[in-house]
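Please read the following explanation alongside the sequence and the structure.

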Amino acid sequence: MTTIAYRTCPLCEATCGLELHMEGREVKLVRGDKEDVFSKGYLCPKGTAIKELESDPDRLKVPQIRDRSTNTWRDATWDEAFEYIHDQLLPILDAHGRDALGIYMGNPCAHNLAPMIYNRVLNQAAKTTNLFSASTVDQMPKQVSSGLMFGAGLSVPVPDVDRTDYLLMLGANPFASNGSLMTAPDMPGRLRALRARGGRFVVVDPRRSKTAEESDEWVAILPGTDAHFLLAIAHTLFADNLVDVGEHLRPHLVGLDEVRELTAHFGPEIVGPVCGVDAEVIRRIARELAAAPTAAVYGRIGTCTQEFGTTASWAVDVINVLTGNLDRVGGAMFNKPATGGGNTAGEGGKGRGVRFGRRVSRVRGLPEFFGEYPAVVLAEEIETPGDGQIRAMITVAGNPVVSNPASRRLDAALESLEFMVSVDIYRNETTSHADVILPVESMLARGHYDIALRSLAIRNVATYSAPVFDIEPGQHREWETLCRLAGILQGLGHSYDVASVVDDFVISGLVDKAASRGGQEPADLLASLSSGDRRGPERILDLMLRTGPYGLTLDQLIEQPHGIDLGALQPRLPDVLRTPSGRIELAPEVIVEDVRDRLVGTLTRDPGGLSLVGRRDLRSNNSWMHNLHVLVKGKNRCTLHINPLDATRLHLVDGKRARVTSATGEVEIVVEVTDSIREGVVSIPHGWGHDAPGAQMTIAGANAGVNSNILASVDNYDPLSGNAILSGIPVEVVAC
Ligand SMILES: Nc1nc2c(c(=O)[nH]1)N[C@H]1C(S)=C(S)[C@@H](COP(=O)(O)OP(=O)(O)OC[C@H]3O[C@@H](n4cnc5c(=O)[nH]c(N)nc54)[C@H](O)[C@@H]3O)O[C@H]1N2
Ligand SMILES: Nc1nc2c(c(=O)[nH]1)N[C@H]1C(S)=C(S)[C@@H](COP(=O)(O)OP(=O)(O)OC[C@H]3O[C@@H](n4cnc5c(=O)[nH]c(N)nc54)[C@H](O)[C@@H]3O)O[C@H]1N2
Ligand code: SF4
Ligand SMILES: [Mo]
């Protein structure tokens with residue numbers, strides 16, 4: 001018998017509603033949920049791939065233990081696996097201290113309720129300072145700039161795509177990625193609608209991406225020069241007397257004069273050759289932004305994983321302020337998430353702001369950002385002997401061997417560890433170095449709520465998906481695994497009950513805090529959460545919803561599987577601010593210094609030779625969905641894109657192989673000659689290179705591709721955020 005279930009897709013930031021046709025545990029059909037309040041039936045090929053992901057024979061179901069002497073794997077029971085971890089890991093920490101453990105949290109954690117809630121519990125129980133995540137190969141620069149300007153790292157303004165008249169988009173390709181740090185299903189449809197209603201949409205990208213093709217104008221910028229470009233726009237706005245922050249921003253702003261002074265260096269004629277963009281184009285875009293009734297500037301991964309990631313991310317919001325479009329309908333606005341926290345708690349308007357560098361990494365002395373060290377120091381912290389050396393690792397939903405820079409070095413470093421545990425669904429390039437892999441339940445056997453992504457959405461929406469079926473006998477829920485690991489690290493032993501002991505401890509702490517804020521009795525609040533036998537992430541989610549700004553309950557959400565629409569974004573100033581001044585800090589000191597000390601110095605720099613950037617394909621998800629035939633079938637997608645003029649000059653032939661060399665490494669890859677990339681720039685997608693000998697991913701292995709991060713260096717990072725530079729890497733290309 002076929003039953004129908006509704007789920008939010010957890011595979012990218014777009015949060016589409018899916019309609020699953022089930023026969024028992026088997027997914028027969030995946031369709032877009034037409035009644036989903038946000039996605040209204042939209043879905044992409046990855047959404048339908050859930051069917052294949054569910055049935056993938058390589059997906060791990062039971063714990064795996066590696067015998068290091070023979071490098072072979074065997075199935076283990078859960079109790080055996082946890083006991084083994086307990087017995088191997090704790091003596092290392094007893095002998096060498098807590099910092100001997102490193103933890104790396106990967107991207108899927110942001111799409112999954114259990115790690116969203118319990119990773120922090122695990123980190124706290126570990127009592128190590130060696131915390132890492134995919135954030136420092138991704139959006140950390142935006143979190144730092146938002147933290148400095150608005151006082152909280154998740155107070156990221158999102159473009160009001162559905163109501164804006166003009167969108168300037170830099171370093172993003174939502175027609176492939178479906179949008180990032182701007183959650184909305186059907187980004188292609190929304191961008192087409194923008195143009196259909198007479199709006200204008202400009203894409204700044206070294207590649208004529210699918211998004212650029214669908215835009216009104218493609219600006220083929222040179223990699224790493226977005227901060228220059230945006231400051232030249234700001235320069236024009238000041239020079240032409242077009243700065244108009246508006247009455248709604250004026251009382252809440254400091255630093256406008258400093259920004260005016262800084263932009264003096266960035267005349268369009270000076271900046272044009274640096275960016276590879278005509279001065280007249282820069283001027284015109286500045287004037288268009290100022291003239292548009294409403295406009296939003298939006299930058300994403302291409303503006304983050306680059307030399308001036310934080311300064312470019314800041315400059316995006318500077319233009320939003322200078323044109324009066326920040327916190328305005330049709331401009332760049334702040335979400336108000338149903339789960340509260342961050343920028344919705346308390347009175348607002350003033351706060352402690354952000355502080356970085358409370359600790360520095362042992363070997364290179366790089367500062368922490370939001371409690372974690374930059375991923376660029378991970379390998380050296382494992383390799384370098386001495387007190388505080390990382391000797392053991394836990395990875396949760398991460399594949400740093402593919403996603404982090406200097407992959408070859410990290411690959412060797414992980415193998416040199418004394419002990420490693422991975423919580424993961426595959427044995428891949430990273431987890432094959434583990435001693436124990438702890439798999440997780442099917443994504444359909446768990447509840448789902450996007451705590452992170454709903455707070456970055458272009459509309460206020462709350463959607464909970466109930467589990468479609470129960471876990472299979474012998475499986476273990478991810479939240480229980482994380483709590484059990486935390487329990488081991490806390491010294492509570494390794495038995496099954498430890499998960500509930502840890503969970504009860506966590507909820508009572510959270511309830512106490514929430515009750516004292518809301519003037520309630522903790523016991524009453526706790527009782528209200530425990531309808532039935534609710535525990536784990538659902539109980540905590542219920543608490544967050546109840547104490548959030550809309551006072552929702554989980555039961556209300558369960559009754560509405562298509563989601564609850566809480567309305568379009570509303571202006572949120574000054575409540576959203578958490579800076580010590582209670583104002584928008586338009587000219588944070590570290591950024592002013594970065595512009596003066598670093599950025600200005602590059603205005604006379606020769607663009608030099610070839611520069612490598614990445615790209616995403618609609619049928620990919622970073623490194624981990626290439627084991628699904630539906631996504632890898634068809635043409636080879638891991639190719640080197642190169643402009644015909646460069647190809648001719650270098651005697652490269654379409655379909656033949658080339659060797660790409662950087663200061664860090666080299667790869668061999670098939671050439672694809674295309675005029676969709678500007679001269680002087682080449683592109684290789686990340687997330688490939690599935691040729692690790694220890695991996696068990698049959699289809700991915702047969703479509704291995706090359707790992708572009710072999711070419712990226714750990715020595716190159718954005719100093720303001722520690723973020724790796726993965727875009728704009730100098731390379732040489734020769735035919736082979
Ligand atoms: N299909 C698919 N969807 C995904 C993912 C995936 O792997 N596949 N990954 C998800 C994740 S984790 C994220 S963070 C998001 C990312 O979402 P997006 O930010 O939209 O990512 P990309 O599609 O890689 O687009 C980045 C663009 O930046 C351009 N670029 C590179 N360097 C520069 C530069 O210096 N300046 C400018 N202006 N442009 C530059 C590249 O050519 C590319 O077109 O996508 C998410 N969605
Ligand atoms: N050159 C270059 N490098 C990049 C980027 C780029 O644009 N260019 N993009 C960067 C970005 S934006 C990101 S976010 C990072 C991603 O970097 P990572 O997060 O390190 O890598 P992913 O490829 O997302 O790997 C996810 C891992 O989670 C596992 N997994 C999947 N689902 C689950 C689950 O439900 N539970 C658990 N426990 N595990 C699960 C997968 O098997 C896989 O091992 O890569 C970054 N690296
Ligand atoms: S766009 Fe993203 S959320 Fe929507 S179906 Fe595709 S992968 Fe899933
Ligand atoms: Mo990402």
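Tyrosine 118 has a relative accessibility of 0% and therefore counts as buried; the term buried applies under 20% relative accessible area, exposed over 50%, and partly exposed in between, with a 1.4 Å probe and protein chains only. The model is a predicted one, in which local features need pLDDT of at least 70 and side-chain atom pairs count only at pLDDT 80 or more, while totals for chains, interfaces and linings use all residues. Residues are numbered from 1 along each chain as its sequence is written, chains are lettered from A and ligands numbered from 1 in the order in which they are written, and side-chain values use heavy atoms, with hydrogens and water left out.

A search of the whole structure finds seven aromatic pairs. Rings of Phe, Tyr and Trp (its six-membered ring) pair if their centres lie within 6.5 Å; planes under 30 degrees apart count as stacked, over 60 as edge-to-face and the rest as tilted. Tyrosine 118 and tryptophan 479 form a stacked pair, with 5.7 Å from centre to centre and 25 degrees between the planes. This pair links distant parts of the chain, since tyrosine 118 belongs to helix α4 (residues 113–126) and tryptophan 479 to helix α18 (residues 478–490), 361 residues apart. Helices (H or I, at least four residues) and strands (E, at least two) are DSSP runs, numbered from the N terminus. Tryptophan 479 is buried, because its relative accessible area is 10%.

Phenylalanine 356 and phenylalanine 369 form another aromatic pair, which is tilted: the centres are 5.3 Å apart and the planes make 45 degrees. Both residues lie in the loop between β14 (332–333) and α15 (378–383), 13 residues apart. A charge sits over a ring if NZ of Lys or CZ of Arg is within 6 Å of the ring centre and within 35 degrees of the ring normal. The charged end of arginine 25 sits over the ring of phenylalanine 469, at 4.2 Å from its centre. Arginine 359 places its charged end over the ring of tyrosine 373, 5.7 Å from the centre of that ring.

The backbone deserves attention next. Most residues other than glycine have a negative phi, and most peptide bonds are trans. Lysine 40 has a phi near 50 degrees, a positive value in a residue other than glycine. Lysine 40 is placed in the loop between β3 (26–32) and α1 (45–48), and it counts as exposed because its relative accessibility is 60%. Alanine 406 also has a positive phi, near 50 degrees, and lies in the loop between α16 (400–403) and α17 (407–415). Alanine 406 counts as buried because its relative accessibility is 8%. The peptide bond from leucine 573 to proline 574 is cis, with omega near 0 degrees. Proline 574 is found in the loop between β19 (564–568) and β20 (584–585).

Distances between C-alpha atoms give a further view of the fold. Leucine 242, in the loop between α9 (226–239) and β12 (253–254), is partly exposed because its relative accessibility is 30%. Its C-alpha atom is separated by 47 Å from that of threonine 129, 113 residues apart along the chain. Leucine 322 lies in helix α14 (residues 309–322) and counts as buried because its relative accessibility is 0%. The C-alpha atoms of leucine 322 and proline 607 are separated by 29 Å, and the two residues are 285 residues apart along the chain. Serine 500 lies in helix α19 (residues 498–518) and is partly exposed because its relative accessible area is 27%. Serine 500 and glutamate 480 are 20 residues apart in sequence, and 7.7 Å apart in space from C-alpha to C-alpha.

The last topic is a ligand. Which residues are around ligand 3? They are Cys9, Leu11, Cys12, Ala14, Thr15, Cys16, Leu43, Cys44, Lys46, Gly47 and Asn178, where a residue is near a molecule if one of its heavy atoms lies within 4 Å of it. This shell divides into seven nonpolar residues, three polar and one charged; Ala, Val, Leu, Ile, Met, Phe, Trp, Tyr, Cys and Pro count as nonpolar, Asp, Glu, Lys and Arg as charged, and the others, Gly among them, as polar. Ligand 3 sits in the largest cavity, which means that more than half of its atoms lie within 2 Å of the grid points of the cavity. On a 1 Å grid over the protein atoms alone, a cavity is a set of points where a 1.4 Å probe fits but cannot get out.

Terms used:
On a 1 Å grid over the protein atoms alone, a cavity is a set of points where a 1.4 Å probe fits but cannot get out, and a pocket is an open set with protein on both sides within 12 Å along at least five of seven lines; lining residues have an atom within 4 Å of a point.
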